[in-house]
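Subject: The structure, and what turned up in it

Hi,

Here is the structure you asked for, ready to open in your viewer. Have a look at it first, and then read on for what was found.

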Number of protein chains: 4
Amino acid sequence: MTELAAAGAALAGEAARYAGMGWMRGTSGNLSVVLGRDPLRLAVTASGLDKGELTAEDVVVVDGEGAAVSGGVPSAEAGLHARIAAVAGAGAVVHVHALAPVLAAQRWPDGVPLRDLEMLKGFGRAAHDDLVTVPVIPNGQDMRVLGDAFERGFRADTPALIVARHGIYVWGGDLRQARHRLECLEWLLRFVLETRIDGVGRDVR
Amino acid sequence: MTELAAAGAALAGEAARYAGMGWMRGTSGNLSVVLGRDPLRLAVTASGLDKGELTAEDVVVVDGEGAAVSGGVPSAEAGLHARIAAVAGAGAVVHVHALAPVLAAQRWPDGVPLRDLEMLKGFGRAAHDDLVTVPVIPNGQDMRVLGDAFERGFRADTPALIVARHGIYVWGGDLRQARHRLECLEWLLRFVLETRIDGVGRDVR
Amino acid sequence: MTELAAAGAALAGEAARYAGMGWMRGTSGNLSVVLGRDPLRLAVTASGLDKGELTAEDVVVVDGEGAAVSGGVPSAEAGLHARIAAVAGAGAVVHVHALAPVLAAQRWPDGVPLRDLEMLKGFGRAAHDDLVTVPVIPNGQDMRVLGDAFERGFRADTPALIVARHGIYVWGGDLRQARHRLECLEWLLRFVLETRIDGVGRDVR
Amino acid sequence: MTELAAAGAALAGEAARYAGMGWMRGTSGNLSVVLGRDPLRLAVTASGLDKGELTAEDVVVVDGEGAAVSGGVPSAEAGLHARIAAVAGAGAVVHVHALAPVLAAQRWPDGVPLRDLEMLKGFGRAAHDDLVTVPVIPNGQDMRVLGDAFERGFRADTPALIVARHGIYVWGGDLRQARHRLECLEWLLRFVLETRIDGVGRDVR
């Protein structure tokens with residue numbers, strides 16, 4: 001199996017898992033893994049397909065701008081995947097449409113503050129005395145604009161980005177680390193949505 | 001396999017999927033695909049059966065009025081399926097009892113306004129500056145009355161209809177497209193139910 | 001396979017399904033089918049076992065008082081199963097600990113009024129102009145006391161009973177009909193809990 | 001199969017079940033069974049692994065302080081597992097990150113009062129006239145501090161401990177009993193979170 005086929009199989013498996021969780025409804029969302037750094041090359045899930053039924057072939061190679069360098073049509077969002085991989089040095093980027101992040105962005109449009117929660121360790125941060133603010137940027141269709149907004153708010157210790165009224169990006173060294181971070185962050189966002197008391201002590205009830 | 005058996009197998013598969021999601025509780029809901037246009041013929045799931053346990057044989061052919069033209073008993077709602085297929089030119093119509101659409105119809109009885117949400121692309125609309133109003137009609141048992149109400153509110157760019165205190169119809173070119181649209185719309189309805197701020201800026205808290 | 005083994009297999013299958021839905025947590029809940037009417041004999045799931053892991057042997061035959069007439073230990077609640085089978089003429093009785101019925105009983109301790117909802121057809125009632133009141137009785141450990149309370153509130157057209165701060169009983173001609181009714185009723189209860197406007201027009205917000 | 005391999009297989013099976021319920025997101029949570037009492041030895045799930053993908057080998061033997069006595073790296077939390085096993089005489093301890101217990105600890109930081117609910121029988125208590133207070137302790141990273149707080153609030157009839165802003169510990173004679181108690185307690189906590197009327201009659205709405 002080629003490296004691309006292996007990446008495609010891994011992406012298909014993760015996509016089916018997220019689809020089963022309701023986080024990749026219809027054809028929404030996309031996942032990527034970095035194939036090479038110099039120049040930057042990513043394997044990205046192909047556009048327009050049911051995310052619960054991908055095969056190892058449903059993958060496109062894109063460059064640092066998100067443009068296809070193999071056959072197939074990548075998602076327009078591949079450009080933001082590439083930007084995140086370049087800026088954050090991530091090995092894998094997952095973009096899903098879980099509901100909780102989008103609800104949280106609606107309530108905390110300037111970033112979602114989280115603090116003093118054990119689950120933050122699963123996001124790569126400390127369980128105590130470590131204020132984590134998950135960045136929120138406005139939605140848009142121009143990936144350069146979104147990429148610029150991402151980069152302005154980027155902190156190396158915060159591997160996530162919520163796009164308001166859209167979805168969430170989470171990244172890590174590989175697809176599994178990205179998934180673990182996403183699973184823990186989604187739990188944290190549901191917690192703060194339910195309690196409505198955020199990490200800087202505001203009561204947003 | 002005949003065309004009808006293929007349609008029956010496809011309908012059974014989709015029904016099992018929706019039953020697993022809790023959207024076809026008991027024997028509720030029904031699905032259809034268009035078999036021919038002139039005259040209009042639809043394959044509709046048979047009435048009164050467990051929607052998680054259908055086989056390829058549990059299908060009835062109906063005409064443009066929803067009357068059976070093969071053996072078997074179609075749902076009374078087959079008449080509305082046929083009307084939608086005729087008016088909207090749909091190739092497949094799905095009718096399920098997901099909870100969110102019925103809750104949304106209760107809060108927005110004159111139609112559910114959605115706007116500026118990325119997930120609207122999965123419903124065939126734009127993510128920005130495109131007000132989508134999902135039509136709501138009162139429930140009833142006479143499919144001609146429901147069909148007339150549907151037709152009065154029909155817009156070619158809005159492939160869904162909520163029947164208040166009942167359930168939702170979504171359609172598309174085929175069963176998969178109808179499912180993708182339904183999955184995305186259900187997400188959108190849960191979003192607006194949770195935030196309680198609708199697409200025309202009303203706060204219905 | 002004997003009639004009892006067939007009943008045991010059917011009960012185990014249904015119990016696993018309910019356990020998967022989170023409605024038979026731990027060893028909670030019990031299911032029964034009528035084996036004979038004169039004298040009344042029921043096959044009831046055995047007590048104290050994990051309801052997701054029952055086998056066809058995990059079944060006890062009880063009489064009209066709920067006392068064992070075969071080996072094995074029936075649930076104390078077998079007495080209420082037998083009473084319901086006798087009074088309602090049911091062929092199968094299911095008792096589960098779904099959350100929505102218990103929450104509804106808390107809000108409507110004198111019975112949960114439902115009306116003008118299509119899903120009522122799946123409970124054996126009409127979708128319009130037919131007020132359905134799901135009876136609620138206080139919890140207790142004496143099945144004769146519970147049975148008397150059940151019988152005082154019994155109506156032949158309402159095949160369900162909520163025991164407050166405990167769980168729900170639903171019955172039908174066979175296990176499948178009981179399940180369909182339960183699935184539809186649970187949906188209806190979630191609907192009325194969410195909208196908080198009940199079937200007699202009270203706003204319990 | 002050695003006793004340790006059997007314990008590892010049992011732990012892996014339970015962990016996969018909890019991961020499927022969303023209660024062991026990412027690598028969070030840990031499970032243990034007692035291998036011997038004199039001296040105390042526990043088999044604990046290994047640290048840092050995906051809890052849905054454990055094998056029978058992903059297990060570490062620890063002593064009464066939670067220190068490894070076999071190869072592998074136990075979770076730091078193994079120290080609290082050992083303390084609970086010693087103080088409560090438990091044969092199995094499960095620690096998961098279900099959301100409801102953490103939400104309940106936020107609302108009832110001095111302990112969650114439950115009373116007059118049938119499901120309390122599944123937690124080993126009485127359904128009537130038996131006030132159960134689930135202890136809540138503050139989160140921390142020093143297992144001796146947490147263990148001391150646990151021991152101060154310990155009652156032999158209450159086999160659970162919530163660590164605020166973190167997760168829940170539940171124990172029993174074996175993994176199955178611990179699971180049954182956890183499943184029932186999680187249901188009870190969701191009930192009291194929804195009704196917001198607690199077991200001492202306070203309305204915390």
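Is D:E53 buried, partly exposed or exposed? D:E53 counts as partly exposed, because its relative accessibility is 32%; that label covers values between buried (under 20% relative accessible area) and exposed (over 50%), with a 1.4 Å probe and protein chains only.

First, some ground rules. This is a predicted model, where local features need pLDDT of at least 70, side-chain atom pairs count only at pLDDT 80 or more, and totals for chains, interfaces and linings use all residues. Residues are numbered from 1 along each chain as its sequence is written, chains are lettered from A and ligands numbered from 1 in the order in which they are written, and side-chain values use heavy atoms, with hydrogens and water left out.

**Chains A and D**

The side chain of D:E53 meets that of A:R17 in a salt bridge, at 3.2 Å from N to O. (A salt bridge is a side-chain nitrogen of Lys or Arg within 4 Å of a carboxyl oxygen of Asp or Glu.) This pair crosses between chains: D:E53 sits in the loop between β2 (40-45) and β3 (59-62) of chain D, and A:R17 in helix α1 (residues 3-20) of chain A. Helices (H or I, at least four residues) and strands (E, at least two) are DSSP runs, numbered from the N terminus. A:R17 also counts as partly exposed, because its relative accessibility is 32%.

Here 22 residues of chain A are in contact with 18 residues of chain D, contact meaning heavy atoms within 4.5 Å. About 1800 Å² is buried between chain A and chain D, and carbon and sulfur atoms give 54% of that area. Buried area is the accessible area (1.4 Å probe) that two parts lose on being put together, summed over both. On the chain A side, A:E118, A:W187 and A:F191 lose the most area to chain D, together 33% of what that side buries.

There are 5 salt bridges between chain A and chain D. One of them joins A:R179 and D:D50, at 3.0 Å from N to O. Helix α5 (residues 175-195) of chain A gives the most to the side that touches chain D, with 11 residues.

**Chains C and D**

This contact takes 18 residues from chain C and 22 residues from chain D. The area buried between chain C and chain D is about 1800 Å², with 54% from carbon and sulfur atoms. In chain C, the residues that lose the most area to chain D are C:R25, C:L99 and C:R165, together 39% of what that side buries. The rule finds 5 salt bridges across this interface, including one between D:R17 and C:E53, whose closest N and O atoms are 3.2 Å apart.

**Inside chain D**

D:D148 forms a salt bridge with D:R83, the closest N and O atoms being 2.5 Å apart. This pair links distant parts of the chain, 65 residues apart: D:D148 is in helix α4 (residues 143-153) and D:R83 in helix α2 (residues 78-88).

What about helix α5 of chain D? Of its 21 residues, 17 are buried, so by the under 20% cut-off α5(D) is mostly covered. After α5(D) comes D:R196, whose phi is positive, near 60 degrees.

Over all chains, the count comes to 68 salt bridges.

Happy exploring!
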